[in-house]
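Grab a pencil and keep the viewer open.

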Amino acid sequence: MKKLLTLALSPLALSLTFAAAAPVTITYWQYDYASKVDTMNKLIQKFEAQNPDIKVKQETFPYDAYNQKVATSVPAGQGPDVVNLFYGWLPQYVDSGYLQALPRADFPVKQIESSFVPMIQTSKMNGQYYALPTSVRTLALFYNKDLLKQAGVLTPPRTWEDFIAAAQKVVKGAPPRFSVLGFGIQPDGQDYHVVREVLVRQFGGSPYSKDGKQVTYDSDAGVKAMTFYTDLYSKYKLGTPNFFPGNNSYRDAFMAGKVGMIIDGSFAIGTIQKGAKFNWGVVPLPVFKGNGVRSNFGSYWVNGITKNAKGDKLAASVKFLKFLTSEDTQRTWLQAVGEIPASKKLSNDPSLRRDPVYGPFVYALPFAHSTLFVDEAGQRKAWVDAINSVILQGGSPANAVKKAATDEQKILNGYYK
Amino acid sequence: MRVRPARPGTLRRRQTRTAYTFLLVPLLFFLVVRFIPTFLALRLSLFDWNILKEQQPFVGLENYRTLLEDEKFGQALKNTALYTVIGVPLQIALGLILALMLGRIRALRGLYRALYFAPYVTPIVAAAWVWQWLFSPQFGPVNTVLMWLHIPPQAFLTSPHQALATTAGLVVWQNLGFQVVLFLAGLAAIPRSYYEAAEIDGASGGQAFWRITLPLLNPTIVFSVVTGTISYLQLFTQVVNLNFTDQGGPLGSTMTVALYIYQLAFGRYQMGYASAVTVILFVIILAITLLQLKFLTRRYDT
């Protein structure tokens with residue numbers, strides 16, 4: 001009984017001693033990814049050494065349930081002080097009052113915009129920044145050097161025209177039974193971003209209005225982009241979606257050496273480095289021979305301060321956020337996790353730009369657009385269904401674009417009403 | 001100690017009281033985790049309840065009005081009906097056939113029964129993965145067999161026309177084991193003497209089945225239809241795992257009402273609207289179950 005009592009009291013005693021020493025404890029949430037969690041633990045140690053009066057507690061959750069976990073903690077009034085979020089979820093969390101605007105004194109808007117890469121401006125709402133990233137991601141073309149060489153393609157494609165020619169040489173088999181794909185097409189992978197943010201722009205259009213409230217891809221450029229992309233499947237027969245069953249079909253198939261080329265994000269570098277047992281390389285996303293317009297889809301995870309942080313905790317959270325977005329941390333993050341620094345200066349570093357793997361991703365930073373999502377799941381569905389209506393049901397690209405535009409505009413209207 | 005003569009009925013009353021006391025605990029549990037949330041959902045469905053918003057305005061029947069025009073909900077409803085109409089009769093027919101055969105064999109009886117029961121205890125997620133590979137248009141053995149038979153390879157889960165049937169196949173295969181066990185128990189409960197009497201009267205095997213086996217299995221069949229229907233109306237896990245990156249796809253062709261509710265509530269945080277769908281699903285299940293109980297339950301004189 002006595003033992004039980006001591007046991008019950010010990011946390012109390014523990015918290016009392018802490019209260020006496022008065023260090024502030026703040027909680028940090030991110031999703032569970034081994035290298036990120038380990039690196040964060042090391043960074044927290046470093047931060048705590050610099051700030052002996054602050055303790056940071058890291059809590060992690062599985063990736064698939066992460067957004068749910070954060071969302072359900074909001075009405076409960078619990079959760080972290082500093083939180084890691086996908087930038088596309090920001091409007092919902094800012095709207096709900098869950099995130100605090102970053103204090104202007106500590107994070108001046110001008111300074112942010114001069115030191116970070118341009119895509120992070122999607123974290124600015126109502127003229128204020130609500131969160132900042134440590135690292136950013138862009139898309140590029142991964143190619144299997146061995147497969148391309150066997151097919152007689154000696155230089156990786158830089159233009160869409162060469163891309164189609166190369167993929168046609170690599171592909172083996174015919175729909176629906178392929179044995180090797182030229183292009184690992186996967187609308188619900190990264191491809192729908194390529195259609196929206198890359199192809200629409202390369203055909204001379206722009207996918208959204210500047211404030212992000214209107215879709216503007218229901219245009220000639222939009223139809224051309226949809227036609228071009230779906231032709232890769234229907235006309236040129238370069239590959240098929242869901243070649244391998246599973247969650248990362250195209251990437252798994254690429255790592256198994258069954259796919260000539262895939263479009264994937266810099267976040268996939270680590271996985272592919274570990275998984276691909278052949279010679280592979282990376283080149284920037286192709287352009288069209290005629291105009292050479294470059295574009296890319298950029299995305300990033302941000303760290304923000306929640307409404308839970310008040311008083312001492314808020315001051316500690318601001319310090320921690322400054323630390324997380326500092327150039328030192330960005331450098332550590334690049335080395336340990338392999339993600340591109342969000343700072344203009346660091347990502348302009350010549351050794352990074354020349355890196356055969358990171359180079360093509362860094363190259364895309366100045367012209368990478370990040371979409372201002374208001375309902376990422378809903379907007380994604382609108383696009384994936386539109387693409388599938390062409391490649392699986394033989395619908396016309398024009399109708400598909402119109403349908404996507406109607407569906408997505410409805411979602412935007414619902415948010416901005 | 002003097003034994004007091006018990007008044008008639010006292011013992012029984014005390015037993016009843018004890019029973020009620022014991023029932024109270026689970027009742028409380030059900031009240032808190034089942035009934036109250038159900039009624040809260042009813043209330044929630046009248047609000048524009050976004051989990052992330054601070055204001056949750058009352059909108060009356062607006063959510064239900066939106067539902068009427070929601071194509072995706074219509075599709076989910078249609079799909080769910082299709083799953084039920086395909087799945088329930090199929091698993092009952094196959095279950096009965098298998099149970100009749102398993103009831104006859106003597107050698108390796110346990111092994112056979114275990115084999116047919118295995119899919120039921122296989123984790124759904126694992127079974128869904130195996131199913132994806134089996135029916136992979138590219139590498140799947142099913143397509144390989146089709147090609148041996150000179151039938152063109154099929155797209156199965158990647159085709160908006162075939163995905164639902166392929167998904168229903170997985171569910172039937174998984175439920176079959178349980179269905180067989182139900183029928184085996186039902187068959188074992190039929191007294192042998194009926195068959196012997198029928199044999200003496202010169203009844204054929206077919207007559208014995210239609211006149212004895214099937215009528216006496218009626219309670220088992222009713223139970224199977226009701227529980228089977230409910231499980232198909234709530235279909236979720238298989239659908240999610242068969243197309244993880246486009247759940248309910250391609251093009252919403254495998255979407256079920258339960259999955260749609262989940263996506264609205266936990267993917268898009270529209271709790272009010274999701275609650276409205278839940279209420280509709282609840283009403284449908286209740287109505288169907290009542291109808292089934294009314295029309296399927298028959299008494300046969302034994």
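This is a predicted model: local features need pLDDT of at least 70, side-chain atom pairs count only at pLDDT 80 or more; totals for chains, interfaces and linings use all residues.

**Exercise 1.** Which strands of chain A does helix α12 (residues 312-324) lie across?

Residues are numbered from 1 along each chain as its sequence is written, with chains lettered from A and ligands numbered from 1 in the order in which they are written.

*Solution.* Step 2: list what α12(A) lies across: β1, β2, β3 (82-86), β6 and β13 (299-305) of chain A. Step 3: take the direction, about 50° to β1(A). Axes are lines fitted to C-alpha atoms, for helices over the stretch in contact (C-beta atoms, placed from the backbone, within 7 Å), and angles run from 0 to 180 degrees between N-to-C directions.

**Exercise 2.** Work out the strand order of the open sheet and its edges.

*Solution.* Step 1: the order in chain A is β2-β1-β3-β13-β6-β14, with mixed pairing (two strands pair if DSSP finds at least two bridges between them). Step 2: β2 (54-61) and β14 (340-341) of chain A are the edge strands, each pairing on one side only. Step 3: β6 (residues 131-137) of chain A meets β14(A) in the antiparallel sense over 2 bridges, and A:S135 stands opposite A:P341.

**Exercise 3.** How many residues of chain A are in contact with chain B?

*Solution.* Step 1: 29 residues of chain A touch 24 residues of chain B. Step 2: the largest share of chain A's side, 6 residues, comes from α17(A).

Methods: Two residues are in contact if their C-beta atoms, placed from the backbone, lie within 7 Å. Helices (H or I, at least four residues) and strands (E, at least two) are DSSP runs, numbered from the N terminus.
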